[in-house]
Amino acid sequence: MPSSRPDRIRKLLADLVGFDTISDRSNLPLIAHIESYLAAHGVKSERIVDETGQKAALWVTIGPEDRPGLVLSGHTDVVPVVGQDWSHDPFKLIERDGRLYGRGTTDMKGFVAVCLAMVPEMLEAKLATPIHLAISYDEEIGCVGVRPMLREVAKKRIKPLGAFIGEPTEMKVIIGHKGKHGVRATFQGLARHSSIAPEGVNAIEYAAELIVEIRRRAFQLASTKATNSLYDVPHSTLLTSIVHGGAALNIVPDTCTVDFECRGIGITESREVTDAIVAWAKTEIEPAMRARHPECGIDFEEILDYPALDTAADATIVTLAKSLAGRNDHAKVAFGTEASLFASMTDIPSVVIGPGSIAQAHTPDEFVEMAELEKCAGFVEKLIAHCVKG
């Protein structure tokens with residue numbers, strides 16, 4: 001292993017990028033690699049495996065185990081590359097002009113690589129406050145993989161003091177983000193030949209009524225903007241995102257699915273908004289469908305859910321994050337993170353801070369600047385010094 005910190009970060013990031021951890025496949029080879037790296041440094045890790053046995057998270061404690069510590073948290077999964085125009089193999093790290101290219105470099109294997117690269121420094125220091133590494137999976141499909149790990153953390157006798165979630169923020173201190181609730185509505189109509197269309201129940205046309213109502217409520221939300229908001233879009237948002245239906249031009253469509261989401265500013269607002277839409281559809285649309293035929297109707301399915309994050313600006317974890325990052329400002333972002341689950345599931349106060357820009361996340365030729373990774377390493381270095389003091 002190269003001795004200099006930047007070389008350690010490069011090597012670890014190259015290793016992590018080399019594992020294809022798109023969310024629809026196993027992350028166990030990557031997890032085994034991290035476990036081996038930690039074991040080589042004499043560090044034990046706790047593996048939390050999902051129900052399928054094909055995914056796992058890691059919980060690591062460096063320092064005294066009988067005291068509350070601080071968490072550095074990152075996910076190992078990445079978004080797909082299919083259909084994207086990459087100039088090179090997305091699962092091979094390439095460095096050009098101070099930029100490190102590869103899938104997940106900024107979202108968010110760069111942060112994980114920095115944390116792992118700083119393990120030797122953590123071990124050399126005499127930590128009075130422990131540092132935990134929380135390495136999760138399936139964040140990209142709804143913050144799924146961190147939940148079993150947090151349930152295990154909640155069972156522990158000693159609760160961490162706070163958590164830093166390393167999503168790409170250009171090392172800005174993020175104290176809040178919107179929550180999200182996604183719903184799939186499946187309309188069951190009645191197929192008939194289009195020449196006798198009145199005898200059928202057109203699932204697409206009834207779905208259209210729902211879509212129009214979603215749009216109406218979205219305008220309503222946009223008209224009630226939050227004052228003095230730190231969000232670039234200072235109101236909750238609502239939209240229809242995916243619609244599937246119909247089989248042929250001459251057939252009355254008997255099925256249609258509509259996926260819609262709300263991103264809410266309030267902690268539970270996203271679910272409250274979508275629940276109200278579901279209740280409206282069951283009252284206003286479904287009875288009309290069943291009046292036409294008793295087997296027609298709408299099934300609703302939750303497809304994604306995480307709460308908003310709203311950490312107080314004067315919270316101890318925010319003050320600490322600003323001190324470690326060397327800045328006095330804070331902000332909020334529209335994209336969601338696992339930070340809100342640390343707060344809601346385990347009551348661990350959390351902020352989001354990590355290297356790279358969200359503008360590079362999920363894009364072809366995704367990259368993170370080496371300077372950003374070095375800034376993040378400086379943050380962790382200061383965290384180590386803070387944890388030595390206790």
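Modeller: Gladly! Let us begin with Met-108, which sits in helix H3; helices (H or I, at least four residues) and strands (E, at least two) are DSSP runs, numbered from the N terminus. This is a predicted model, where local features need pLDDT of at least 70, side-chain atom pairs count only at pLDDT 80 or more, and totals for chains, interfaces and linings use all residues. Residues are numbered from 1 along each chain as its sequence is written, and side-chain values use heavy atoms, leaving out hydrogens and water.

Colleague: Is the peptide bond from Asp-107 to Met-108 cis or trans?

Modeller: The general idea is that most peptide bonds are trans, and most residues other than glycine have a negative phi. Here the bond from Asp-107 to Met-108 is cis, with omega near -15 degrees. As for phi, Asp-347 is not a glycine, yet its phi is positive, about 60 degrees. You will find Asp-347 in the loop between helix H10 (339-346) and E15.

Colleague: At what angle do helix H1 and helix H3 pack?

Modeller: Axes are lines fitted to C-alpha atoms, for helices over the stretch in contact, and angles run from 0 to 180 degrees between N-to-C directions. H1 (residues 5-17) and H3 (residues 105-117) pack at about 130 degrees, their axes 8 Å apart. That makes H1 oblique to H3 (angles under 35 degrees count as roughly parallel, over 145 as roughly antiparallel, 65 to 115 as roughly perpendicular and the rest as oblique). Contact means heavy atoms within 4.5 Å, and residues including Ile-9 and Leu-12 of H1 and Val-112 and Ala-113 of H3 make this one. By class, the contact of H1 with H3 holds 10 nonpolar, two polar and two charged residues; Ala, Val, Leu, Ile, Met, Phe, Trp, Tyr, Cys and Pro count as nonpolar, Asp, Glu, Lys and Arg as charged, and the others, Gly among them, as polar.

Colleague: Which residues bring H9 and H11 together?

Modeller: The axes of H9 (residues 316-325) and H11 (residues 370-389) come within 8 Å and cross at roughly 120 degrees, so H9 and H11 are oblique to each other too. Leu-320, Ala-321, Ser-323, Leu-324 and Ala-325 in H9 meet Phe-379, Lys-382, Leu-383 and His-386 in H11. That contact has six nonpolar, two polar and one charged residues.

Colleague: In what order do the strands of the four-stranded sheet come?

Modeller: Two strands pair if DSSP finds at least two bridges between them. The four strands form an open sheet in the order E10-E11-E9-E12, with antiparallel pairing. E10 (237-245) and E12 (297-306) are the edge strands, each pairing on one side only. Strand E9 (residues 179-188) is joined to E12 by nine bridges, and Gly-182 stands opposite Leu-304 in E12. Helix H7 (residues 269-284) lies across E9, E10, E11 and E12, at about 145 degrees to E11.

Colleague: How many strands are in the open sheet that holds E4, E5 and E16?

Modeller: Three strands, in the order E4-E5-E16, with antiparallel pairing. Three bridges pair E4 with E5 (residues 99-101), and Arg-96 stands opposite Arg-99 in E5. H11 returns here, lying across E5 and E16 and running at about 60 degrees to E16.
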